[in-house]
Protein chains: 6
Amino acid sequence: MSDNQFTHFDAEGKAIMVEVGDKAPTRRVAVARGEVRMNEATLTRILDRGFEKGDVLAVARIAGIMAAKKTPELIPLCHPLLLTSVAIEFLPHPGEGRLEIEATVKVAGQTGVEMEALTAVAATALCVYDMCKAVDKAMVIGEIRLMEKHGGKSGSFIRND
Amino acid sequence: MSDNQFTHFDAEGKAIMVEVGDKAPTRRVAVARGEVRMNEATLTRILDRGFEKGDVLAVARIAGIMAAKKTPELIPLCHPLLLTSVAIEFLPHPGEGRLEIEATVKVAGQTGVEMEALTAVAATALCVYDMCKAVDKAMVIGEIRLMEKHGGKSGSFIRND
Amino acid sequence: MSDNQFTHFDAEGKAIMVEVGDKAPTRRVAVARGEVRMNEATLTRILDRGFEKGDVLAVARIAGIMAAKKTPELIPLCHPLLLTSVAIEFLPHPGEGRLEIEATVKVAGQTGVEMEALTAVAATALCVYDMCKAVDKAMVIGEIRLMEKHGGKSGSFIRND
Amino acid sequence: MSDNQFTHFDAEGKAIMVEVGDKAPTRRVAVARGEVRMNEATLTRILDRGFEKGDVLAVARIAGIMAAKKTPELIPLCHPLLLTSVAIEFLPHPGEGRLEIEATVKVAGQTGVEMEALTAVAATALCVYDMCKAVDKAMVIGEIRLMEKHGGKSGSFIRND
Amino acid sequence: MSDNQFTHFDAEGKAIMVEVGDKAPTRRVAVARGEVRMNEATLTRILDRGFEKGDVLAVARIAGIMAAKKTPELIPLCHPLLLTSVAIEFLPHPGEGRLEIEATVKVAGQTGVEMEALTAVAATALCVYDMCKAVDKAMVIGEIRLMEKHGGKSGSFIRND
Amino acid sequence: MSDNQFTHFDAEGKAIMVEVGDKAPTRRVAVARGEVRMNEATLTRILDRGFEKGDVLAVARIAGIMAAKKTPELIPLCHPLLLTSVAIEFLPHPGEGRLEIEATVKVAGQTGVEMEALTAVAATALCVYDMCKAVDKAMVIGEIRLMEKHGGKSGSFIRND
C-alpha cells in the first residue's frame, strides 16, 4: 500500500474493499478525539447530574461504544473486525462550554481501528446533541480527529497538536 | 415539553424515549452542515475525479444517505421515522483544503429530523476520511451543526452564522 | 382473525407476515414485566451505585429501549412499527435478591406492541446479566409476561396475577 | 478479572467494553436454558404440527440462531465474536404446558459465549410467544439461565439445579 | 416524476433518496418471482421433507420475509416503509429441477414495494442455495422479476410473460 | 461433511448453524456472477454516465460490497466471517441489453465465502434494478451462480459453463 494513493479504489478507479489477507494480524490501537461546543449553562446542566439525575454522559458513552461495533455497517469500505476493547472518556471544559470526547479502540487484526475510534467519537457527540437539543439547538460538533494509532505495517501515527 | 428541560429523561432522571404520540404528524425538514479539513493536495485529488476516476464523493454520499436511515439504531433515544427524502451536497473550498457537506432530510411525522441530518453529515465526513486516510491521516471533521429546521409545534430554527 | 388460530400461518400452515393493512391505525400501549433473580449481595451492589459509581441500571435501560426498536429484526413475523414511546422501570426487591423490570411501549399503528414490550424486558434483563456475570453466574431471568395491552380491535388485556 | 468486581466498569465506574486482547483464543462453549409456560392446549397445538402444519418450532429455532449472531448489537458491552456453531433444542413437557428451550453456542475466541446462548434462548422464547399470542396471551417466559460453560481462563461453570 | 428519467439522481447526476412526501399514501402491492434451478435429485430431496425432516423451504421462507423488512438497509436509495404483509410461496417443478419462488408484499404508503418483493425473492433463493450447496454447488438463481404492482400514481404494471 | 447430505440440519432434521470450529482457518476465495437483462436503451443510459452523470454502477457497487458484509444477517445459518476483500466488476454487453456482475470475496477463516459472493451479486443487481425501474420495470435478474471457489477441505470448485 503506497502512501500516495487512495487505497479504496482499484487501478481503474472502482471502489473496492481492499484485500488485507496478506497482512499479519497484529495488536493495534487507535485514539480519536472530538468535542461538542455548547452554552455554558448546557454543559453545567450535563455535569450537574447529582441534581438533575439524568445522566447524559452515561447514555452517550453507550451510544459511542455500540457505534464502534457498527463501523463496518456505516463506512462502506471498512473491514469487519473483532474489537477487543472500546472505551470513551469525557473531558469537560466548563468555562468554555466545551465537552471533549476521547475514544480508544483496540483490536488484534489485519487492519487498523482509526475508523472505529472516529466513529465512536462522532456517535457519542451526536447522542450528547440529541439529549440536549431541547435546551440548546446551536451546539456544534467539531474537531473530530485521529490522535494516535499504533500497530500494523505503516507504524505509529501521533498527532502534533 | 418545556424549552428548558432535558426531554430525554423523566422526572426522576431516567432515560426514556419520550412519548410523541400526541403530536400531530406534520411535514418537517432539517438541514445540517459540517466539513472535512484536509491538505489542499488531498482535496484537489478528490475533486479531480475525471483523472483518477475513483469517486470519493459518490461513495461518501451513499454512506450519508444510508446512515440517515440508521439514525434510530445509532442514537439510543431517537424515534424511528419514515424519511421521505435525504440529499447530500458537497461544497468544496479548494483554496482552503475544506470540503463542506450539507444534508437535507424530510419527513412527515411526529418528531423532527435534526438527528437524521446531523448523522448523515457525520457519516459522510467519516467516509471521506476513510477513503483518503492513506494519503492524509491528519484530516479533521468539524463544524457539524444544525442550519435550519421547520415543521412541528416548536416552529422554525434558523442558525445565524 | 379468529381467537383460536395461530395467525402467523396461512391455511396451509405456511409462515406469513399477516396482512394488517385493513386494520385502522389506533393508539396502542403494552406493558410487560420480568425479573432477574440473583444473590442479594449482587443486587445490593447494583443498587449501591453512589459508591461503586458503575450504573448497571442506566446501561440496561438503554439496552432495553434500543431492543424495542429492533423487535422486527429479531422476531421474524413481526411488523415494523413507528414506536412513539418506550420506557423502562426497575422495581428492586433487595430482601429477595429480585430485580423487577417493567417496559411500557406505545404506538399509533395497525398492530399491537406486545412483542416490543416483551423484547425490551428480555434485553434489559440480559444486559443486567451481562454486567453482573463476573460476580454471579447463577442469576436467573424469569417471569417475562404481558401485564396489559390496550387499543386495537381485540380490545384490552389485563393480567390477573 | 477478579471474581468480586463488576468488570464492565472501569475504576471510576464508567462503562467500558473491557480489553480482552491479552486473553488467549480458546475453544469455548456455553449452554443456556429457558422455558415458555402456556396452556396445555396451546402446547398440544404447537406439537401437533402434522395436522396444523404451521411449524412454530421451526420458525422459533431460526429466530434463536439469528439472535445469537446479533448479541453484540443487543448487549451494549458484548464483544463481537465469530460463532462457530449455534444449535437450539426443544424439550416439550406436554402435561405441564411447559416448553423447554436449550441453546448451545460455540466459539474459538478471547471471550465466552454465555450471552450468545442466553440471548438465543430469549429470542426463541419470544418468537414462540409471538406465534401463539393470538390463542394464549398469558404465556410466561422464564427460567432463562446458564447451564454450563467451558473454556477460557475462568474455567468451567456447571449449574447444580 | 417523468417516465424517461432515472429518478434516483438529481439534475446534476447526484444520487438522492427522492422526495416522496407529496405523494398520497395509498394501498400498494407488488408480486415478484424468481427460481432456483438445480439437479432433479436436489429438488426431490427438498420436497421429500417427510423423510429427511430438514425443512429447507420453511427456513428459506423466513429468510425471505426478514429480508423484505431489511430492504432499505440493502438498497441504498430505498425509502423505509411499514410493510403490512409479506408472503412467500414455493411452486416446485420437480421434473425440471426448478423451484419457483413468489413473494407478495403489501404496504399503505407513499412509495411502492417492488424492491421489497424482489429482495424477498432473492433472499429466499440465496437461502435455498445455502442449505443445499453441500450437495449441489452448481445451482443457478434466476428469472427474478416483477410480476405485477398496483397502487400509487403510476398505476398498475402487469408483466406479460 | 459428506457430499450427499444437507449439512444445515442435524440427524433429526432440525436446522442448525453447523460447527466449523474443528476446521483449520485457511485462505479462501469465491467468485460469483449474475446479470441484469434490460432494454438496450436502459443499458446505454447506464453506461453513458459522462452525459447523464448519475452513476448507477458506482452506487450498485457499494450496495454489493455492503451486502457481502451483511450475509450472516440475511442467510439464517451462515457463519459470521471477517471478510478480507470484496470486489465487484461489471461486464456490460450493450448489444444484448445485458449487464453482467462479478463479485470476488476473500477471507481467512473456517468456512467458505460462496454465500457472501452470491449475496453481493444479488444486492448489486437489485440496486441496479432499483435505480433504473422508473424507465424499465421489466428488467430480469438472472444467472446468479458460483463460478469458482478455492480453499478449505472440500477443495476447489470451478464451473464449466
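Two strands count as paired if DSSP finds at least two bridges between them, and strands (E, at least two residues) and helices (H or I, at least four) are DSSP runs numbered from the N terminus. Welcome to these close-ups of a predicted model, where local features need pLDDT of at least 70, side-chain atom pairs count only at pLDDT 80 or more, and totals for chains, interfaces and linings use all residues. Residues are numbered from 1 along each chain as its sequence is written, chains are lettered from A in the order in which they are written, and side-chain values use heavy atoms, without hydrogens or water.

**View 1. Strands meeting across chains C and D.** Here β4(C) pairs with strand β4 (residues 140-150) of chain D in the antiparallel sense, over 2 bridges. Look for I141(C), whose bridge partner in β4(D) is I144(D).

**View 2. The area buried between chains C and D.** About 4800 Å² is buried between the two chains, 67% of it on carbon and sulfur atoms; buried area is the accessible area (1.4 Å probe) lost on putting two parts together, summed over both. F6(C), L126(C) and K137(C) supply 15% of the area that chain C buries against chain D, more than any other three residues. In contact (heavy atoms within 4.5 Å) are 57 residues from chain C and 59 residues from chain D.

**View 3. A salt bridge between chains D and C.** The side chains of R37(D) and E143(C) meet at 2.9 Å, N to O. The interface of chain C and chain D holds 4 salt bridges (a side-chain nitrogen of Lys or Arg within 4 Å of a carboxyl oxygen of Asp or Glu).
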